[in-house]
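Here is a short briefing on a protein model and the ligands it holds. Look over the sequence and the structure before reading on.

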Amino acid sequence: MDRFLSLSDYIVTQISPIGEVIVLTISLLIFVLIYLTRIIREAGAVLVRRMVMMCFFASIVRLVEYVVMTGGTVSRALVYTLRCGYYGLVLSVVFLFAAYIQSVLNRGKKERKRVLYISGITGLIAIAFDIILSISGANFYLLSDGRVNSVTGNPLIVYILFMYIVVVVSVIRTGRRVSNRVRGGIISSAILSSALIFVQNMFNNQYWLTFAVLLPIISGIFIFNTGSYDSLSSTMVPEILISELDKALKNGKKKHMMLIDVRDLEDHLKNDPEFIDSYRGFLNDIVSQGLVCRMWNTGIVILYDGPMDAEKMEVEEEVICRRLDGLKVGYKILCVETDERVTKAAEYIDLLAGIRKKMPSGSCKIVGNKDFELFSTNRYILSELIDIYSKRDLDDERVLAFCQPVLNLKTGKYDTAEALMRLSLEKTGMVYPDQFIPLAEEYQTIHVMTLIILNKTCAFIRKALSEGHDIKRISVNFSMLDLKEESFCKEVLDIIEKNNISPEKIAIEVTESLTSSDLEEIKPKVIMLHERGITFYLDDFGTGYSNFDRIMELPFQIIKFDRSLVIQSAKNDESRYMVGSFAKMFRHLDYNILFEGVENEEDEKNCREMDAQYLQGYKYSKPIPIYDLERFVS
Ligand code: C2E
Ligand code: CA
Ligand code: CA
């Protein structure tokens, strides 16, 4: 083939209007889809839009080139300008693509700078070479008679290929942090694009050059914004952890994990540029051997292969702690190795969540044998709770009604009491509320259990009354979840009626930590039951944030002062004055006061002096099975 072609012949061998129209269509489509689906999340969104826009304009420039140059005489200046414009855009796209990959993978600041310098400098060198080669006749240039020196394969193409190598290298250098799928996705799109460019050049044309640089951008949008990658934290989504871990558990492969929980992680990642920089460095420097996944809104979990070397892990924890201390954020670090007792990934997540909740901020822990045991016990308790819930048997034998008598100072008798729940389970024996109430509330099985206690309490009252015992009333603890139940009032009244006792014999204890929306929701129900004769107690006064407006909006009759107030009031005169004043104020408003946790003579004396009407505590009796209450009430 002749090296020198007329401009129109040359352009036909170089540009395919079809290729460019396809790029125009696809980039427009991407824009519309980005707008409609809002698929692109925080990281790199601006870069993606910019790159797609540049591809769009690059194709327009190419089409203009095509139309102008096949159209006849053209000024040399225009030919050069269009060529500069096109390559300027295409080069910028690949440059931005490298920056985009750095940004979404959250490579550290230092690393990003290095890549940008390398890309920038090699870009300038490529441009310089292009100019020198053109001037020396070894590259594209226009002869004075309007013909073109039609050599392809210029330094700019080499630069584009080089940028893909940069991308591939930096992806490989993120290590195992990002899952193989993500790394594989980027690398294969870079290779595909390079291959397309390379093959075209073998055939001496550039029909699909713009398309080739658009390709990796499309895959980037896919990889980073759909499904498995969380671009905010530059880690994998939790589902990836679950599937990787489940796979390992199924194949009997040991794994170990480290949970790094950072308070307000999401907030920091969204709003705190200084934090983001350190976080990037942190990810790159510290967690390169394991797969990193996002966990909840506050943490990341690193999944490592093989068994855990506890000593090594402690050293690693140390390093991470120091690093996080530097970031000035609240954190918790928790390590765990897979264990036969737990066989599902989701259970490991529960295990971590449960232990994390109880850890103080700034602490590190390795999950031990005791934790696994406690976890298995809790899982067993939970399965029983769910069974109790689903059977809905109001006489379920696993739910025990215990009772603590309350001393009425006016009558000097134990004529009221508080019902307290216990569980009696086959494998564990007796289980106490601190171990199962939080579970029952979390898994929403509490309501049925409350109804069981209410039913058993009513049955006891019926029997005791019929035997001639003097019982004024027994209070039952209700959780906020109970009061929010749609059919709460009807269920309570039905149970009372079924046992053939008067509603006056029942009181409901509600805890102090009511929010205002709770209040709005429960107020009509409480008022309705109150009108039917049920008494309401405000439980645990002094432990939450008291809001007197709210307290006064509900028809409470008795305020139960928490044991912490009894202890506090014994400490010094000021505290005593404060607690005493509260008591006086409530008395003044016609509430009755019950002091909880009266353990000894001194507590009792103290409470009597503070205007108490009722006293409850170990001094009089520990909680006892409800039928033993007969000893106190006769
Ligand atoms: P609470 O309602 O404040 O119940 C009083 C708790 O204080 C009981 O613990 C009781 O055993 C304990 N206590 C009684 N006297 C003393 C004392 O002199 N000193 C000290 N230190 N403690 C004393 P328990 O039975 O373990 O119940 C713990 C919590 O579990 C209860 O606190 C209540 O919030 C919840 N709970 C118990 N039964 C039920 C129930 O049937 N339904 C619901 N929703 N919650 C329940
Ligand atoms: Ca209570
Ligand atoms: Ca209480």
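The points below cover a calcium site and a ligand pocket.

This is a predicted model: local features need pLDDT of at least 70, side-chain atom pairs count only at pLDDT 80 or more, and totals for chains, interfaces and linings use all residues. Residues are numbered from 1 along each chain as written, ligands are numbered from 1 in written order, and side-chain values use heavy atoms, without hydrogens and water.

- Donors are N, O and S atoms within 2.8 Å of the metal (3.2 Å for Na, K and Ca); water is not among the atoms, so sites may look incomplete.
- Asp539 coordinates both the calcium ion (ligand 2) and the calcium ion (ligand 3), which are 3.9 Å apart.
- Asn477 is in strand 14 (residues 473-477) and Asp539 in strand 16 (residues 535-541), so the pair ties together parts 62 residues apart in sequence.
- Strands are DSSP runs (E, at least two residues), numbered from the N terminus.

**Ligand 1**
- The space taken by ligand 1 is the largest pocket.
- On a 1 Å grid over the protein atoms alone, a pocket is an open set of points where a 1.4 Å probe fits, with protein on both sides within 12 Å along at least five of seven lines. A molecule sits in a pocket if more than half of its atoms lie within 2 Å of its grid points.
- Strand 12 gives the most to the shell around ligand 1, with 4 residues.
- An N or O atom in the side chain of Arg422 is 2.8 Å from an oxygen atom of ligand 1.

Technical notes:
Polar contact = N/O pair within 3.5 Å; in protein donor to acceptor, adjacent residues only side chain to side chain. 1 Å grid on protein atoms, 1.4 Å probe; cavity = no way out; pocket = protein on both sides within 12 Å on 5 of 7 lines; lining within 4 Å.
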